[in-house]
Amino acid sequence: MAPVTPQSLSPRKRPRQARAAATVDAIYEATIQVLLSDGPQRLTTTRVAERAGVSVGTMYQYFPQKRALIHALNERYLDILAERIEATCRQQHGASAGMMVVALIETYWQAKTERPEVTRALYRSVADLDNSALIESFAQRVDSATTQMLESASDSCFQDLALVNRTLVTTIFGAVRNAFERQLADQEAAGIMQQLALMCRAYIEAVSAPR
């Protein structure tokens, strides 16, 4: 059974109009700024409201408390990340399996490193939250997108596609996160990403059959 987001962490309402969406976007960006300047322990909804230029009452229309705000911010981050992975997978349909792997590695690495300080702040912010439902939803979207992509590979087919896909995704995401968290120099990180691509392509060759 998939995890369910606790009711206390759910937003009170979702923005339905452009103006409301802009307000919530401003709140999210302000939350990131407060996380970066003060850290998750000193973050309060009052500080975020002041930074966003909205009233505390407006904040409470959407987020009943700090934990709900942090949860929603991470939900937004994972949603954007899933969308980027899904877009890459659609673009790679019909390509070779090797090209698919390289594209997936590049997409995930770019997403982690575009605003590295934000990524690290978000990792720290969920230390005491139950975000299992968010992770499961993200994983299901990624698994669906990458499975459909690999299924369309022009040069390979797989006897156990689900297992191959899960192995690749786990390996790629785990290696990229580890390299990111170690804050490696750009040149060293690029070298690891190249080696990761070699490893994954060799794995694909070992477990696939030609079409």
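Predicted model: local features only at pLDDT ≥ 70, side-chain atom pairs only at ≥ 80, totals over all residues.

**Cysteines and overall fold**

A disulfide here requires two cysteine sulfur atoms within 2.5 Å. Cys89 is in no disulfide, since the nearest cysteine sulfur belongs to Cys200 and is 14 Å away. Cys89 has 2% relative accessibility and so counts as buried, the limit being under 20%. Cys157 is likewise in no disulfide; the nearest cysteine sulfur is that of Cys89, 19 Å away. With a relative accessibility of 30%, Cys157 counts as partly exposed.

Now consider the chain as a whole. It contains nine helices and two strands. Read from the N terminus, the order of elements is α-α-α-α-α-α-α-β-α-α-β. UniProt lists residues 21-81, in an unreviewed entry, as "domain: HTH tetR-type". In the model this span is 80% helix and 0% strand, and its end C-alpha atoms lie 19 Å apart.

How far does the C-alpha trace of the chain span along its principal axes? The spans are about 60 × 35 × 30 Å. Of the 211 residues in the chain, 43% are buried. Among contacts in the chain with a separation of 6 or more, 76% are between residues 24 or more positions apart.

The surface comes last. The chain exposes about 11,400 Å², and carbon and sulfur atoms supply 50% of that area. As for charge, the chain has 23 positive and 22 negative side chains. The centres of these two sets lie 8 Å apart.

Methods: Residues numbered from 1 in each chain as written. Heavy atoms only, no water. UniProt positions renumbered as here; feature names shortened; annotations may be inferred. Helix = DSSP H or I, 4+ residues; strand = E, 2+ residues; numbered from the N terminus. Buried < 20%, exposed > 50% of the residue type's maximum accessible area, 1.4 Å probe, protein only. Contact = heavy atoms within 4.5 Å. Areas by Shrake-Rupley, 256 points an atom, 1.4 Å probe, with all protein chains shown as cover. Lys, Arg positive; Asp, Glu negative; His and termini not counted. Charge placed at Lys NZ, Arg CZ, Asp CG, Glu CD.
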